[in-house]
Amino acid sequence: MQQKAGGEEVRAGYFGPYGGRYVPETLIHALEELEEAYERYRTDPEFVEELDSLSRDFVGRPTPLMFAARLTRAWGGANVWFKREDLAHTGAHKINNALGQILLADRMGKRRIIAETGAGQHGVATATVAAMYGKECVVYMGEKDTVRQRLNVVRMELLGAKVAPVGSGSKTLKDAVNEAIRDWVTNVEDTHYIIGSVVGPAPYPRIVRDFQAVIGREIEVQSRERFGSDPDAIVACVGAGSNAIGAFYPFIGRENVRLIGVEAGGRGLASGEHGASLAEGRLGVLHGAKSYVLQTGDGQVREAHSVSAGLDYPATGPEHAYLKDEGLAEYVSATDEEALAAFELCSRAEGIIPALETAHAIHYAEKVAKELGPGKNLVVNLSGRGDKDVEEAAKALAERDGR
Amino acid sequence: MDGSGKIREAFRKGRTALIPYLTAGFPTLEGAREVGEAYVEAGADIVEIGVPFSDPLADGPVIQGTTARAIEEGANLDYCLDLARGLSSRVPVVFLIYYNVIFARGVGRFLEEAADAGVAGLVVPDLPVDEFGDFGRLAAERGVAVCPLAAPTSTDERLEKIGRVATGFVYCVSVAGVTGERERLPEGALALLRRVKAKSGGAPVALGFGISSAEAAAEAASEADGVIIGSRLMRLVEEGGARVAGEWLRGVREALAPERAGAGD
């Protein structure tokens with residue numbers, strides 16, 4: 001099965017051997033309906049205009065490409081640029097996808113919206129757009145995450161969403177997805193499920209990627225404006241992988257641009273407690289798609305671990321699996337400790353408190369900047385801001401420093 | 001006799017086939033064997049064994065709870081195959097199994113082991129017909145039947161496709177939703193059964209998801225070739241053990257006993 005370098009699907013719903021639609025029969029009709037709606041509206045001038053104007057006026061796009069002068073100097077390597085998705089409304093790239101999908105849901109006549117969330121950023125983004133469009137909204141969130149991301153729970157509730165804590169399984173993102181799918185199976189007639197990343201059954205990975213690709217398109221234009229060429233490398237964190245695929249997408253297959261995804265190394269890959277499914281997972285089927293999955297020999301899905309609630313997901317989007325296999329992107333990992341150090345460093349050096357997810361990318365960016373050397377240009381996708389993480393980070397830092 | 005033959009036979013008794021479900025390894029590894037025995041004694045025509053999976057997204061809270069417990073008890077695939085082997089000489093056994101468990105074992109190897117353990121058929125809730133690929137053919141080669149799901153949201157076109165691949169029975173989902181007890185037979189279930197049967201290409205049609213009383217089972221029997229009962233039984237096992245579940249099942253058996261003209265062919 002060949003696929004051209006731009007990542008377009010040849011066999012519908014698949015990226016090479018990854019992807020597909022492994023869901024209960026009840027949902028097939030809804031997925032077909034979504035696919036049809038997307039095909040119809042993605043080029044519809046009115047739809048595009050509505051998405052563009054809201055992206056500009058509501059989300060605040062384009063987000064800046066900022067020169068990170070102090071990190072560039074500190075690391076002594078390539079010029080470091082931050083793509084400031086943390087400045088998008090609600091504080092992360094998640095809003096790009098939520099906005100695109102609410103427009104689709106509205107046109108499909110769905111009155112009710114459901115979503116899953118790990119760190120809460122996707123939940124907040126979904127609650128936000130649901131409020132704007134006057135839809136009922138339920139967000140599933142692992143019990144563990146409702147505690148570690150309390151601030152975002154409050155935000156979602158303020159926005160009028162109902163947060164449904166999920167107490168089954170690992171009580172984190174994986175189980176929130178299961179529960180959202182169960183809700184969707186039950187209420188499929190009037191409900192649209194806004195999946196938060198490039199995972200799930202087809203056509204979601206493609207739809208979410210397309211809505212996030214605005215990041216990469218802006219990087220392309222802004223790079224030309226600011227330094228007159230494509231970046232030499234783009235670094236982004238990868239949990240399920242939507243901010244990374246969004247930043248990478250326009251550059252896939254361009255040999256002059258290294259694309260580097262940073263997974264959650266947790267307590268180290270050797271410890272088994274991490275979220276690095278591309279590095280340590282095996283091909284499997286989870287949440288409707290075939291991809292790399294952290295699992296036991298018997299096919300039971302393992303719990304992922306990360307200091308960042310947004311990265312502890314035991315699988316990765318199928319397109320990333322494909323990019324890895326084809327050598328079109330590189331995938332590495334950063335540990336909890338490394339991410340925490342980068343979290344502190346970025347806050348102090350640049351005056352930006354990044355999300356803990358993003359801090360994984362920042363950690364690895366140092367290495368890449370040094371490899372590339374002075375005069376080259378490196379873009380780090382600053383996927384989200386760290387307000388939600390300050391309590392967790394403070395706790396972890398205090399523990400690290402023995403306070 | 002291959003799996004298809006065993007399943008057809010089970011439906012050819014002139015009455016609605018009774019298909020109780022059990023989660024392998026629940027309440028314990030040994031306890032699940034007792035549940036299987038109790039089902040056979042109560043007159044089960046087919047026993048559906050749920051292979052525990054960490055992320056059973058088609059299942060409601062009761063069965064989710066039992067599968068989580070079973071995994072803790074150590075119910076792995078080898079155990080499930082062994083459980084099937086113990087029952088399959090007395091009653092046809094069907095596995096309810098999520099695709100990743102099959103995939104992790106290797107499709108070919110899994111089918112071989114399943115056939116060897118006497119597993120007659122497979123229900124794979126997250127493998128819709130579009131994703132079958134070679135699966136149906138490989139299963140047929142090993143003599144294991146496939147029992148695809150049909151849902152209230154399935155179009156006629158899809159029901160035809162489902163009917164074409166069904167070498168066991170068609171598992172008709174009574175309502176858009178997950179497994180779980182429901183007070184009565186969902187409205188529209190009988191009409192759905194008629195639709196599914198018209199397109200099943202002669203494969204028997206069993207109704208599942210939410211059948212939790214003898215009355216509902218009897219009502220379903222006016223159209224269904226078989227009824228599948230899961231959550232209610234698992235709750236009974238949890239509360240009272242295998243014997244209580246078996247006794248309750250016997251009551252359902254009695255409610256379904258009257259011969260029905262033309263059943264099963």
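Predicted model: local features only at pLDDT ≥ 70, side-chain atom pairs only at ≥ 80, totals over all residues.
Colleague: Which residues point one way from β9(A), and which the other way?

Modeller: A:A233, A:V235 and A:C237 point one way, and A:I234, A:A236 and A:V238 the other way. All of them are buried. Residues are numbered from 1 along each chain as its sequence is written, with chains lettered from A and ligands numbered from 1 in the order in which they are written.

Colleague: Why is strand β9 of chain A called largely enclosed?

Modeller: Buried means under 20% relative accessible area, exposed means over 50%, and partly exposed is in between (1.4 Å probe, protein chains only). Six of the six residues of β9 (233-238) are buried, so the rest of the structure largely encloses the strand.

Colleague: What makes β9(A) and β10 of chain A a pair?

Modeller: Two strands pair if DSSP finds at least two bridges between them. β9(A) and β10 (258-266) have six, in the parallel sense. One bridge joins A:A236 to its partner in β10(A), A:G261.

Colleague: Why are β7 and β8 of chain A said to stand at the edges?

Modeller: The open sheet has four strands in the order β7-β6-β5-β8, with parallel pairing. β7 (162-166) and β8 (191-193) each have a single partner strand, so one side of each has no neighbour in the sheet. From one strand to the next, the twist averages 25°. Inside the sheet, β5 (112-117) and β6 (136-142) of chain A are joined by six bridges. In β6(A), A:C137 is the bridge partner of A:I113.

Colleague: How do you know that A:P354 is buried?

Modeller: A:P354 has 0% relative accessibility, so it counts as buried. The residue lies in the loop between α13 (336-350) and α14 (356-372) of chain A. A:P354 touches A:F343, A:C346, A:S347, A:I362, A:G384, A:R385 and A:G386, leaving aside residues up to four places away in sequence. Contact means heavy atoms within 4.5 Å.

Colleague: And what makes B:A257 partly exposed?

Modeller: Its relative accessible area is 37%, so B:A257 falls in the middle class. The residue sits in the segment after α12 (242-256) of chain B.

Colleague: Why is α2(A) called oblique to α4(A)?

Modeller: Helices α2 (45-59) and α4 (94-107) of chain A pack at about 140°, axes 11 Å apart. Angles under 35 degrees are roughly parallel, over 145 roughly antiparallel, 65 to 115 roughly perpendicular, and the rest oblique. That makes α2(A) oblique to α4(A). The contact residues divide into eight nonpolar, three polar and three charged. Ala, Val, Leu, Ile, Met, Phe, Trp, Tyr, Cys and Pro count as nonpolar, Asp, Glu, Lys and Arg as charged, and the others, Gly among them, as polar.

Colleague: What makes α13(A) roughly perpendicular to α15(A)?

Modeller: The axes of α13(A) and α15 (390-400) of chain A cross at roughly 110° and come within 11 Å. Axes are lines fitted to C-alpha atoms over the stretch in contact, and angles run from 0 to 180 degrees between N-to-C directions. That makes the two helices, α13(A) and α15(A), roughly perpendicular. A:L340, A:A341, A:F343 and A:E344 of α13(A) make the contact with A:A393, A:A396, A:L397 and A:R400 of α15(A).

Technical notes. Heavy atoms only, no water.
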